[in-house]
Amino acid sequence: MILDLIPEAARAAGLGALMKGAGKVTRYIPIPQPTLLVGPGSSVRLAEAIAGFGHGKLLIVTDAILAKLGILKGITAALDASGTPYAVFDEITPDAPIPLIERCMAFYRDEDCDAILAVGGGSSIDAAKAVCCAIANPRPLRKLAGYLKGRASPVTLYAVPTTAGTGSEVTVAAVISDPQKQDKIVIIDPRLVPRMAALDPSLMAGLPPPVTAATGIDALTHAVESFIGQWASEYTEGLSLAAVQMIFANLREAYSNGGNLVAREKMALASTYAGMAFTRANVGYVHAIAHQFGGRYHTPHGLANAMVLPHVLRYSAPDIVPRLAALAVRAGLGDESERDDELAEKFMAGVEQLNRDLGIPTTLEKLQEKDIPALARAACAEAETYPVPRYMTVKQCEALIRKLLPQKADKAEKAAASDKKAAAPKKSAPRKSTKKA
C-alpha cells in the first residue's frame, strides 16, 4: 500500500488531519436509536411489546449458562402468554467464531424464524447482529466485514443486555472472531442497531464480581475514548461525561454488592450512554490493542480493555490534558479550581486505583514476547481508522504492550522478595560453648 511507503511520523500527522475532516462528516450520518425500556422487569415488558409486532416466529439467541440460570423464564413466559412462537439457540460463546455464527444461521432457517431477540452480553448481541446481517445478505461473513457491505436491510433485532459494558444494544457494529486467522472481524451498518432494547437490572444482579468489573471498565473505556478522540462533539461529550460520572459513582458498589439494583441500573444506563457516544465518536488504541489480544489469546474484551486503558491514557496524556482534567472533575476526583495538569494526573491515577479496587490484573498471562511485534503492527493498522488524539509508531506500541508481559511482574516480585530478604536481620550463628567436657 502507498501508506506503507510514508514515514510513520508523517503518516501520523496526515492521519490526524484526515480524521478531523472525517469527523465533521460522520456526525451527520443518520444512526437510529432503539426504543429503550429501563428498570426491573423491563425484559418482560419488551417480550410483551415484541408479541404485538406480529412476528411469525422469534429466535432467541443466548448462551448456555444464561439458559441454565433461568434468565429467559420471564421472557419466554410472556411470549407463551401472548401466543408468540419462538425457538432458542443457546450455544453462543465469548467472541463468537464464524462457524458458530453459521450454525446459528442454519438454525434460524430451519426454524423458519423472521426476527431475533438477543439475550446476553456483548458476544450474544454481536452474534445476533451478524446473523441478522448475513441472513439478509447471503455472503461469506468475511465479505460483510467493514462499512455498509450488506445491500439488504438486516433481519429485525431486539436486545436484552445482561452485562453493563459493551453497549452493543445501541451500537452499529457486530464484532465476531475468525479462528482461522486468529483475529476479529467487524461488521458495521447503522441498520444493525436493535429496534428495541431492555435494560433490566434484575437480570444483572447475579453477575460475578470479575465480570462486573471487566464489563464496567469496558463501558468506561468507551466513554473515555469517545471523549478524548477527534470526533467528539457536544452531543457525544455529554453522553461520555454522564457515563463516566455514573461509572465512578456506581461500579464499586455493583462489584461488591451485586444485588443493589439501583447501582446495576445506573451501570446499565452508563453502558448505553457510552455505547451511544462511541457509535458517533469512535474508539482508539485501547480497543485496537485489546482486539488483538482477543483474536490471538481469546482474552475477554472487557478485561483486555481494562488492562490496556491506563497505559494508553499515559501515552496520550501530553495531547489531552484539558480533556483528562474535565473527566477528573466529572468523575468526582478533583475540583475545577485545580490546575489542568493536576486534574489530568488525578484522573489517570483514579483509573489505576479503580482497576486495583476491582481486582483487574496488571499483566496478561498469555502474552508472549515473540508475539508483540505482530500484535503491535495489527493494532497500529487498526488504529489508523480511528480518530485517536495521538498516534503511535509500531515501536511505541510494542513498548506499551511489553508493559503487560507477565514476566515483568514475576521479576518485580522476585526483586521485591530479594530486597526484603536482604533487609531482614541476619540470624546469628549459634555460639560455641567454651566449657570443657
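The charged end of Arg 323 sits over the ring of Phe 227, 4.6 Å from its centre. The model is predicted.

**A tilted pair: Phe 248 and Phe 347**

- The ring centres of Phe 248 and Phe 347 are 6.0 Å apart.
- Their planes meet at 50°, so the pair counts as tilted. Edge-to-face would need an angle over 60 degrees, and stacked one under 30.
- Phe 248 belongs to helix 8, residues 234–256, while Phe 347 belongs to helix 13, residues 340–357.
- The two residues are 99 apart in sequence, so the pair ties together separate parts of the chain.
- Phe 248 is buried, with a relative accessible area of 10%.
- Phe 347 is buried too, with a value of 0%.

**An edge-to-face pair: Tyr 285 and Tyr 391**

- Tyr 285 and Tyr 391 form an aromatic pair, 6.5 Å from centre to centre.
- The angle between their planes is 80°, and the pair is edge-to-face.
- Tyr 285 lies in helix 10, residues 285–297.
- Tyr 391 lies in the loop between helix 14 (372–383) and helix 15 (394–402).
- This pair links distant parts of the chain, 106 residues apart.
- How buried is Tyr 285? Its relative accessible area is 3%, so Tyr 285 counts as buried.
- Tyr 391 has 12% relative accessibility and also counts as buried, because the cut-off is under 20%.

- Helix 10 has 13 residues. At 1.5 Å a residue they should span 18 Å.
- The end C-alpha atoms of helix 10 are 18 Å apart, which agrees with that span.
- Is helix 10 mostly covered or mostly open? Helix 10 is mostly covered, with twelve of its 13 residues buried.
- Its buried residues include Tyr 285, His 287, His 291, Phe 293 and Tyr 297. Gly 294 and Gly 295 are also among them.
- What do the buried residues of helix 10 pack against? They pack against strand 8 (183–188), helix 7 (209–228) and helix 11 (301–316). Helix 14 and helix 15 are packing partners as well.
- Just after helix 10 comes His 298, which takes a positive phi of about 60°.

Conventions:
Residues numbered from 1 in each chain as written. Predicted model: local features only at pLDDT ≥ 70, side-chain atom pairs only at ≥ 80, totals over all residues. Heavy atoms only, no water. Helix = DSSP H or I, 4+ residues; strand = E, 2+ residues; numbered from the N terminus. Buried < 20%, exposed > 50% of the residue type's maximum accessible area, 1.4 Å probe, protein only. Lys NZ or Arg CZ within 6 Å of the ring centre and 35° of its normal. Expected span 1.5 Å × (residues − 1). Contact = heavy atoms within 4.5 Å.
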